[in-house]
Amino acid sequence: MVEVTVTPRSSLADRPVQLAVRGLAPSQLVTLRAWLTDEHGERFQARAFYRADEAGEVDAGRHAALGGNYSGVWPMGLFWFLQPDNLFRRLMKRDVAGSPFLVHLEVFDGLHLVTGPQDKPLAACTAERWYVGPGVQRVPIREGRVRGALLLPP
């Protein structure tokens with residue numbers, strides 16, 4: 001049984017996570033895809049192609065991506081290389097304290113340059129990426145022409 005995991009499942013957006021796939025056949029070629037939908041309904045996604053090791057595992061922190069949106073060893077590559085489906089869109093988080101970005105991670109058998117609704121992943125999981133830690137207070141700042149926010153730790 002194929003399993004994709006992200007550890008920890010819930011973390012701050014600037015913290016690294018470990019992405020791994022287990023249960024593959026040795027040397028199996030797979031596509032890992034990450035995608036999210038922002039607050040405006042825009043989809044961002046990244047994909048990378050990997051070959052499983054002799055134990056049937058892929059570890060994004062140890063194994064090199066063979067292609068896709070990046071190649072080489074990039075432990076956070078699927079998060080860093082998210083691209084918009086519609087050109088000229090930027091990934092921005094407005095509600096930093098109220099909700100996380102939900103990043104969906106999927107693994108597909110073989111090379112998938114484009115993923116359609118008929119393509120079913122071998123395994124999937126979801127990671128929460130928060131921009132404000134628990135207990136942090138956000139204080140809006142409006143002083144003259146200065147606009148911003150002060151984030152106070154608990």
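Biologist: What share of the contacts in the protein with a separation of 6 or more comes from residues 24 or more positions apart?

Modeller: This is a predicted model, so that limits which local features are read. Contacts can be sorted by how far apart the partners stand in sequence. Here, residues 24 or more positions apart make up 53% of the contacts with a separation of 6 or more.

Biologist: Which pattern does the protein follow along the sequence?

Modeller: Start with the list of elements. The protein has one helix and twelve strands. Read along the sequence, they give β-β-β-β-β-β-β-α-β-β-β-β-β. For the overall extent, the C-alpha atoms fill a box of roughly 60 × 35 × 25 Å along the principal axes.

Biologist: What percentage of the residues of the protein count as buried?

Modeller: Burial is read from relative accessible area, and under 20% counts as buried. By that reading, 39% of the 154 residues are buried. The accessible surface of the protein comes to about 9300 Å², and 54% of that is supplied by carbon and sulfur atoms.

Biologist: Which residues of the largest nonpolar core touch the most other members?

Modeller: A core is read as a set of buried nonpolar residues joined through their side chains. The largest one here holds 31 residues, and those touching the most other members are Val21, Leu32, Tyr50, Leu78, Leu105 and Val107. Two or more residues of this core come from each of β1 (3–7), β3 (18–22), β4 (29–37), β5 (43–51), α1 (77–80), β9 (101–109) and β10 (123–130).

Biologist: Take one of them. What is Val107 in contact with, leaving aside its neighbours within four places in sequence?

Modeller: Val107 is in contact with Val2, Val4, Val21, Val30, Thr31, Leu32, Pro121, Leu122 and Ala123. Two names on that list, Val21 and Leu32, are also among the core residues that touch the most other members.

Biologist: In which order do the three strands of the open sheet stand?

Modeller: A sheet is read strand by strand, by asking who pairs with whom. The order is β1-β3-β6, with antiparallel pairing. β1 and β6 (58–59) each have a single partner strand and stand at the edges, so one side of each has no neighbour in the sheet.

Biologist: How many bridges join β3 and β6?

Modeller: These strands pair in the antiparallel sense over two bridges. Val21 has Val58 of β6 as its bridge partner.

Biologist: How many residues lie between β11 and β12 in their hairpin?

Modeller: In a hairpin, look at the pairing and then at the turn. β11 (residues 137–143) and β12 are antiparallel and share seven bridges. Two residues lie between them, and Gly144 in the turn has a positive phi of about 65 degrees.

Biologist: Which residues form the nonpolar patch on the surface?

Modeller: Ile141, Val146, Leu150 and Leu152 form it, with about 290 Å² of accessible area together. Strand β12 (residues 146–152) gives the largest share, three residues. Leu152 is found in that strand, and its relative accessibility of 32% is why Leu152 counts as partly exposed.

Biologist: How many salt bridges does the count come to?

Modeller: A salt bridge is read from the distance between a side-chain nitrogen and a carboxyl oxygen, within 4 Å. The count comes to six. In one of them, the side chains of Arg33 and Glu106 meet at 2.6 Å, N to O. This pair links distant parts of the chain, with Arg33 in strand β4 and Glu106 in strand β9, 73 residues apart. Both Arg33 and Glu106 are buried.

Biologist: Glu39 and Lys93 also meet in a salt bridge. Where in the chain do Glu39 and Lys93 lie?

Modeller: Their N to O distance is 3.1 Å. Glu39 is in the loop between β4 and β5, while Lys93 is in the loop between β8 (83–84) and β9, 54 residues apart. Glu39 is partly exposed at 34% relative accessibility, whereas Lys93 is buried, with 14% relative accessible area.

Biologist: Which residues are linked in a network of salt bridges?

Modeller: The network links Asp53, Asp59 and Arg62.

Conventions: Residues numbered from 1 in each chain as written. Predicted model: local features only at pLDDT ≥ 70, side-chain atom pairs only at ≥ 80, totals over all residues. Heavy atoms only, no water. Patch = residues over 30% accessible without salt bridge, like charges linked within 9 Å, V, L, I, M, F, W, Y side chains within 5 Å. Areas by Shrake-Rupley, 256 points an atom, 1.4 Å probe, with all protein chains shown as cover. Helix = DSSP H or I, 4+ residues; strand = E, 2+ residues; numbered from the N terminus. Buried < 20%, exposed > 50% of the residue type's maximum accessible area, 1.4 Å probe, protein only. Core = buried A, V, L, I, M, F, W, Y, C linked by side-chain atoms within 4.5 Å. Contact = heavy atoms within 4.5 Å. Pairing = 2+ DSSP bridges.
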